[in-house]
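Hello,

Here is the structure we spoke about, followed by notes on what was found in it. Please have it open while you read.

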Amino acid sequence: MRADATRTRLQAVRDALRSHYGKPRNEPHRAPLDELVLTVLSQNTNDRNRDVAYERLQDRFPDWAAVARAPVAEIEEAIRPGGISKVKAGRIKAMLGAIEAERGSLDLRFLAEAPREQALGFLEGLPGVGRKTAACVQLFSFDRPELPVDTHVYRVASRLGLIRPRASFKEAHDVLLAATEAEDVYEVHVNLIRHGRRICTARAPACPECPLLELCPYGKRAVRRRR
């Protein structure tokens, strides 16, 4: 699909999702290190388990510097409810160590004003940090226009034909961001996730009830097969 056609289709998707779910508004918290750790904890688990792991980590350690100094086993024990805790503990410790080595402290507030490529390059250069995590830090911390692509966003966008079949996650990030107006990035991200969780699920999506049915090649085929 041509870039201008993708942009037009995505605007129609935005409007339909807005009518169905409302228009969410971002409230950037300006705590990029918190967001970075939270996003690592969210990998391969649900929001509830992520939040429990994050709260236990904060209860166990007074600040991120203490986490950086702690043995991996102590971090692992704190975040165990979040799943694959050994892997995540190692990533968090390595990530914090890399930030201190590069910046001389754990202060990431420079990301708010750094040029886009510099900010993303720094974040993606950290151990265990990919494009989605970097985008989450920029969007939720500072309201910078990045559109994180998780499995829900990828699935919905693919079914709608916004990204090509079997596109890489990097390509999906680039295509969707280029097709989205900067002021709509947060709304599109949140509503695509809502839609992927509630209607456009991985298994047995509710295509007949979908507000995007008229825009969705996948949904139209699914409805025809059910007749």
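Is Glu187 buried or exposed? Glu187 is buried, with a relative accessible area of 2%. Keep in mind throughout that this is a predicted model.

The side chain of Glu187 forms a salt bridge with that of Arg18, at 2.7 Å from N to O. The two residues are 169 apart in the chain and join distant parts of it, since Glu187 lies in helix α11 (residues 185-198) and Arg18 in helix α1. Arg18 is partly exposed, at a relative accessible area of 29%.

Helix α1 (residues 3-21) also packs against helix α10 (residues 169-179), with the axes 8 Å apart and at an angle of about 75 degrees. That angle makes α1 roughly perpendicular to α10. On the α1 side the contact involves Thr6, Arg7 and Leu10, which meet Val175, Leu176, Ala178 and Ala179 of α10. Sorted by class, the residues in this contact are five nonpolar, one polar and one charged.

In the whole structure, a search finds 17 salt bridges.

- Glu76 with Arg80, 3.9 Å from N to O. Glu76 counts as buried at 17% relative accessibility, while Arg80 counts as partly exposed at 42%.
- Asp107 with Arg109, 2.6 Å from N to O. Asp107 counts as partly exposed at 30% relative accessibility, and Arg109 as exposed at 59%.
- A network of salt bridges that links Asp47, Arg50, Asp51 and Arg197.

Regards

How values were computed
Residues are numbered from 1 along each chain as its sequence is written. This is a predicted model: local features need pLDDT of at least 70, side-chain atom pairs count only at pLDDT 80 or more; totals for chains, interfaces and linings use all residues. Side-chain values use heavy atoms; hydrogens and water are left out. Axes are lines fitted to C-alpha atoms, for helices over the stretch in contact, and angles run from 0 to 180 degrees between N-to-C directions. Helices (H or I, at least four residues) and strands (E, at least two) are DSSP runs, numbered from the N terminus. Angles under 35 degrees count as roughly parallel, over 145 as roughly antiparallel, 65 to 115 as roughly perpendicular and the rest as oblique. Contact means heavy atoms within 4.5 Å. Ala, Val, Leu, Ile, Met, Phe, Trp, Tyr, Cys and Pro count as nonpolar, Asp, Glu, Lys and Arg as charged, and the others, Gly among them, as polar. A salt bridge is a side-chain nitrogen of Lys or Arg within 4 Å of a carboxyl oxygen of Asp or Glu. Buried means under 20% relative accessible area, exposed over 50%, partly exposed in between (1.4 Å probe, protein chains only).
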